[in-house]
Amino acid sequence: MENTPELVKALSELKRITGMTLEVRADTPEELENALTQVRCLAQAYREKYNKNHFLQSLMTDSIPAYDIYERAIRLHIDPESQRTLFLVETKNTLDDTVIEILKNLFPSQAKTNLVSMGEKNLVILRPRKSSDTDGDISRIAHMIVDTLNMEALTHVQVAYSGCISTLMELPGAFKEASLALRVGKLFYSEQTVFPHDQLGIGRLIYQLPVSLCENFLKEIFGNDIPDAFDEETTSTINKFFQNNLNIAETSRQLHMHRNTLIYRLEQIEKRTGLDIRRFEDAMTFKIATMVINYLQTERNS
């Protein structure tokens with residue numbers, strides 16, 4: 001029997017997405033209908049396995065062997081040698097269509113930017129990197145993502161980003177790089193919203209230390225009386241004091257607080273911890289110690 005228009009269309013679509021040409025021979029209308037169903041299922045299975053998002057998602061999670069990357073990328077019309085930057089976006093709430101649409105408008109498809117879902121709250125933006133892009137440009141793009149989603153989607157987001165990716169072979173490493181930056185950033189620099197992969201400071205070092213070593217460090221400083229987390233008001237005072245390089249006058253001005261009140265609070269911290277954070281050495285010790293305490297609390301909770 002002659003193929004129906006629907007079957008001809010399905011075979012044409014299969015060839016378009018797979019490059020395979022199939023011939024169908026059927027003697028009854030039932031066989032033609034069955035063939036149509038099978039061709040459509042084959043095309044759908046191929047789309048699910050070989051679409052760009054699935055490919056990039058699998059690549060970032062090390063699920064594709066190295067020898068297969070180049071060929072599959074070419075088949076999906078992805079340039080394997082283009083330079084790119086990976087932005088890892090995490091939303092406070094579950095990703096929804098609004099966030100996706102805003103990002104699609106921010107990074108139109110003709111710019112060859114790929115949006116890849118990596119979980120309920122995580123999305124990767126894989127953006128081509130121009131030869132003229134500087135580190136400052138990449139940082140501004142990350143802040144633009146945060147500001148745009150805050151204003152238009154009314155959602156709090158944090159963004160980490162990788163270094164320059166020269167080939168798709170480097171994509172799994174870049175994803176791990178950005179994931180580490182996001183974890184370390186949220187843990188140690190929670191007041192920030194953007195975390196560059198190469199600006200994690202001492203947080204990267206602490207994050208990689210064994211728990212036992214961190215506990216010994218805290219015992220050396222505080223003995224057995226390790227302080228609990230401070231209240232929000234005290235924490236805010238300490239952070240502002242550090243941001244102003246231990247300058248009492250400037251800190252009290254920014255906090256709209258009398259100088260003597262600020263000094264009283266700092267003295268209370270000294271009584272509680274034994275550290276006078278008005279002195280540089282004690283301030284440095286205190287900063288590291290609080291980061292270690294936060295790290296240990298997170299490890300225990302997880």
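Residues are numbered from 1 along each chain as its sequence is written, and side-chain values use heavy atoms, with hydrogens and water left out. Because the model is predicted, local features need pLDDT of at least 70, side-chain atom pairs count only at pLDDT 80 or more, and totals for chains, interfaces and linings use all residues.

Helices (H or I, at least four residues) and strands (E, at least two) are DSSP runs, numbered from the N terminus. Burial is expressed by relative accessible area: buried means under 20%, exposed over 50%, and partly exposed in between, with a 1.4 Å probe and protein chains only. In helix H4, which covers residues 66–75, the residues Ile69, Arg72 and Ala73 are buried. Seen down the axis of H4, the buried residues fall within an arc of 100°, so they line one face of the helix; the arc is that of the directions from the helix axis to the C-beta atoms. An α-helix has 3.6 residues a turn, so residues three or four places apart point the same way. Just after H4, histidine 77 adopts a positive phi of about 60°.

Serine 58 is found in helix H3 (residues 52–60) and is buried, with a relative accessible area of 12%. When neighbours within four places in sequence are left aside, serine 58 is in contact (heavy atoms within 4.5 Å) with Ser63 and Ile64.

Pockets were defined on a 1 Å grid over the protein atoms alone: a pocket is an open set of points where a 1.4 Å probe fits, with protein on both sides within 12 Å along at least five of seven lines, and lining residues have an atom within 4 Å of a point. Grid points are joined across faces, edges and corners, and a volume is the space filled by probe spheres set on the points. The largest pocket has a volume of about 490 Å³. It is lined by 22 residues, of which Thr235, Asn239, Lys287, Thr290 and Asn294 are the closest to its centre. Two or more lining residues come from each of helix H7 (171–188), helix H10 (232–243) and helix H13 (280–301). H13 gives the most to this lining, with seven residues. By residue class, the lining of the largest pocket consists of ten nonpolar, eight polar and four charged residues. In this division Ala, Val, Leu, Ile, Met, Phe, Trp, Tyr, Cys and Pro count as nonpolar, Asp, Glu, Lys and Arg as charged, and the others, Gly among them, as polar.

The structure holds six aromatic pairs. Rings of Phe, Tyr and Trp (its six-membered ring) pair if their centres lie within 6.5 Å; planes under 30 degrees apart count as stacked, over 60 as edge-to-face and the rest as tilted. For phenylalanine 188 and tyrosine 295, the ring centres are 6.5 Å apart and the planes are at 35°, so the pair is tilted. This pair links distant parts of the chain, with phenylalanine 188 in helix H7 and tyrosine 295 in helix H13, 107 residues apart. Phenylalanine 188 is buried at a relative accessible area of 7%, and tyrosine 295 is buried at 4%. One aromatic cluster is formed by Phe188, Tyr189, Tyr207 and Tyr295.

Phenylalanine 222 lies in helix H9 and, at 11% relative accessibility, counts as buried. Apart from neighbours within four places in sequence, phenylalanine 222 is in contact with Pro227, Thr273, Leu275, Ala289 and Ile293. Its C-alpha atom is separated by 32 Å from that of histidine 197, 25 residues apart along the chain. Asparagine 224, in the loop between helix H9 (211–222) and H10, counts as exposed at 78% relative accessibility.

Threonine 251, in helix H11 (residues 248–254), counts as buried at 0% relative accessibility. With neighbours within four places in sequence left aside, the contacts of threonine 251 are Thr237, Lys240, Phe241, Asn244 and Leu262.

Most residues other than glycine have a negative phi, and most peptide bonds are trans. Leucine 154, in the loop between helix H6 (135–152) and strand S4 (157–165), has a positive phi near 55° and is exposed, with a relative accessible area of 72%. Leucine 246 likewise has a positive phi, of about 65°; this residue lies in the loop between H10 and H11 and is partly exposed, with a relative accessible area of 22%.
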